[in-house]
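Please examine the structure shown below.

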Amino acid sequence: MACLLEAPLRISVLSEVTATSRHYVDRLFDPDPQKVLQGVIDMKNAVIGNNKQKANLIVLGAVPRLLYLLQQSSSSLELRTECAVVLGSLAMGTENNIKSLVDCHIIPALLQGLLCPDLIFIEACLRCLRTVFISPVTPVQLLYTDPTVIPHLMSLLSRSQRTQEYITQIFSHCCKTPEHQTVLFNHGAIQNIAPLLISPSYKVRMQALKCFSVLAYENTQVSMTLVNVLVDGELLSQVFVRMMQRDQPIEMQLTAAKCLTYMCRAGAIRTDDSCIVLKTLPCLVRMCSKEHLLEERVEGAETLAYLMEPDVELQRIASTTDHLVAMLADYFKYPSSVSAITDIKRLDHDLKHAHELRQAAFKLYASLGSNDEDIRKKITETENMMDRIVSGLSESSIKVRLAAVRCLHSLSRSVQQLRTSFHDHAVWKPLMKLLQNAPDEVLVMASSTLCNLLLEFSPSKEPILESGVIELLCSLTQSDSPALRVNGIWALMNMAFQADQKVKVEIVRCLGTEQLFRLLSDPDTNVLMKTLGLLRNLLSTRPHIDQIMSSHGKQIMQAVTLILEAEHSIEVKEQTLCILANIADGNTAKELIMTNDDMLQKIKYYMGHSNVKLQLAATFCISNLIWNEEDGSQDRQDKLREMGFVDILHKLTQASDPSLSDRAKTAMQQYLA
């Protein structure tokens, strides 16, 4: 019997809740304005901290009515203000609440409300707008739809500390793109927000600081302007330095360090400036220590990685500051069973977010090890580091996998590591697995790493070759992404270097001549350069040159002609002439040049070119054609003499460039021998 009673009981409780909520909504329609006001005040008290009540009121249609009352000029200021307060409270609920509010066009209504002169009403509207805009489900573009909004918000900054706090918080959350940065910059964000950095209110100072960090990020124009800004007679960078002092709240230290980091990366502050080396870098290293909260350690490590990414000197300084390399190893052990976290809620949060620590550590290791051999050695010798990277490659979080492969890529620039730890841990296996079906950004990093593992001194090259990698790399060359095409062809180029005939034949077969020639006309110069590099490596050692040219000679000569005739860089033409020199070194292949007068005229043209590199490559080509010890050399020498090559060689023996004159003299000796 008890079971039968349970369902009706639930229904009656639910209908009671809805009935109470309905009562609040009904009162909003009372003809007596005083009763409406009281109804809104009662509603305000009912929804505080009660998400269920908030959801009920939204479902029952309270929002359109509240917005209507807020916008009516006949409503009293007190009523309009109370409506804004209730809407703000409803926005404090779930993301679904925010979606409902945005769908009811709350943003334009509140922005319109800011035109009212009454400060208390303005503050209530701004508080609600702030809550709506800081939600991830709100489209930030809604702030920029009406071009009069930003200048009006700037003009409200001077009204009170509250308007300053809410407006700067809105700006820092809604500045997501370079276009947003430009709009805010053009409407005087810097001069309007800078004075707030010395506000008596901590909240205002903090929000102003956050604004500067999002404005300066990867923005040279903003960063260059910030360097010269004075706040109460003090340079802005010095204000940021003060905010990084240890006695300031961690949030403030971190955000000030971000501002200086972004200004430095945008080229506004030198990397050897004392405010970077002696203040920002040590502050960020400090944030990585284990006494800080998880999110502080993540942000500290990621900002530090970004700061020193392009600068080897900062990498060296960081690697010797506070045992950073060892300190980062703790990022993989957190939270452990012995973590001193007594707060269960905190422990639960940290367990869910521990992968963010691993991601940040990989990023920072990648940045630290990107240039210096000693630092890389230090990283790989850190406890279980290679095992951690290997397991990071197969983590469920895509961000961790990407950071782990970035770290691997950074370490793979070391000949020493490729020969030792990479080989010992068979890193190529998880890397190959990762390449099977990963998103493009992971593929780019993983294939870049593979390029390094395929260099001729890498012990991993052989097992990778045996694992059927050629097919995979050839498929990368067909990608829409230029970066993936480059990496695919680059890896094949490395693979073809001093390779067996079998490997070379397999590359040509798998890639197919059609695709090879498509790559030779690729709009991306990097792809073209690497394809020429592959061709040059394929056409090395005489038997290989002759075999490839006997089956594909016609197309290769055609491609060489097209490149030499087109508008290409010196590097591209030099690489093409080097391929021609390799062809000229073949036993039978050289006839493809000798029987092609048009090609010989091109070589002649490049021997007289103004660029020494091109002259050298062209002369090398002729040198190979006339080499004495080979069959038919006399006939070739006679033909080239008739075409005027000896005169050019003679002239080049007097060249001011020693390499060129030596090369010409060597060629001339073939005639004298």
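Leaving aside residues up to four places away in sequence, Thr 81 touches Ile 120, Phe 121 and Ala 124. The model in which these contacts occur is a predicted one. Thr 81 itself belongs to helix H5, and a relative accessibility of 12% classes Thr 81 as buried, because buried means under 20% relative accessible area.

Helix H5 spans residues 77–91 and helix H8 spans residues 119–133. Two packed helices are described by the angle between their axes and the distance between the axes. For H5 and H8, the angle is about 15 degrees and the axes lie 9 Å apart. The two helices are therefore roughly parallel to each other, since angles under 35 degrees count as such. The crossing of H5 with H8 is left-handed. From H5, the residues that meet H8 are Leu 77, Arg 80, Thr 81, Ala 84, Val 85, Leu 87, Gly 88 and Ala 91. On the H8 side, the contact involves Ile 120, Phe 121, Ala 124, Cys 125, Arg 127, Cys 128, Thr 131 and Val 132. By residue class, this contact of H5 with H8 comprises 11 nonpolar, three polar and two charged residues.

How many disulfides does the structure hold? The number is zero. A disulfide requires a pair of cysteine sulfur atoms within 2.5 Å. For Cys 104, the closest cysteine sulfur is that of Cys 128, at 12 Å, which is too far for a bond. Cys 128 is likewise in no disulfide, and the cysteine sulfur nearest to Cys 128, in Cys 125, is 7.7 Å away. Is each of these two residues buried or exposed, or partly exposed? Cys 104 counts as partly exposed, at 29% relative accessibility, whereas Cys 128 is buried, with a relative accessible area of 0%.

A further helix pair is formed by H31 (residues 482–496) and H32 (residues 501–511). Their axes come within 10 Å and cross at roughly 155 degrees. H31 and H32 are therefore roughly antiparallel to each other, because angles over 145 degrees fall in that class. H31 passes H32 in a left-handed crossing. H31 contributes Ile 489, Leu 492, Met 495 and Ala 496 to the contact, and H32 contributes Val 503, Lys 504, Ile 507 and Leu 511. Of the residues in the contact of H31 with H32, seven are nonpolar, none is polar and one is charged.

Two other residues complete the description. Arg 65 lies in helix H4, residues 62–71, and is buried, with a relative accessible area of 18%. Beyond residues up to four places away in sequence, Arg 65 touches Leu 28 and Phe 29. Along the chain, Arg 65 and Met 252 are 187 residues apart, and their C-alpha atoms are separated by 41 Å.

Ser 370 occupies the loop between helix H21 (344–368) and helix H22 (373–380). A relative accessible area of 11% makes Ser 370 buried. With residues up to four places away in sequence left out, Ser 370 touches Glu 309, Gln 315, Arg 376, Ser 410 and Arg 413. Ser 370 and Ile 276 are 94 residues apart in sequence, with a C-alpha to C-alpha distance of 20 Å.

Definitions and conventions: Residues numbered from 1 in each chain as written. Predicted model: local features only at pLDDT ≥ 70, side-chain atom pairs only at ≥ 80, totals over all residues. Heavy atoms only, no water. Buried < 20%, exposed > 50% of the residue type's maximum accessible area, 1.4 Å probe, protein only. Axes fitted to C-alpha atoms, helices over the stretch in contact; angles between N-to-C directions. Helix = DSSP H or I, 4+ residues; strand = E, 2+ residues; numbered from the N terminus. Parallel < 35°, antiparallel > 145°, perpendicular 65-115°, else oblique. Left-handed = near helix turned anticlockwise from the far one by under 90°. Contact = heavy atoms within 4.5 Å. Nonpolar A, V, L, I, M, F, W, Y, C, P; charged D, E, K, R; others polar.
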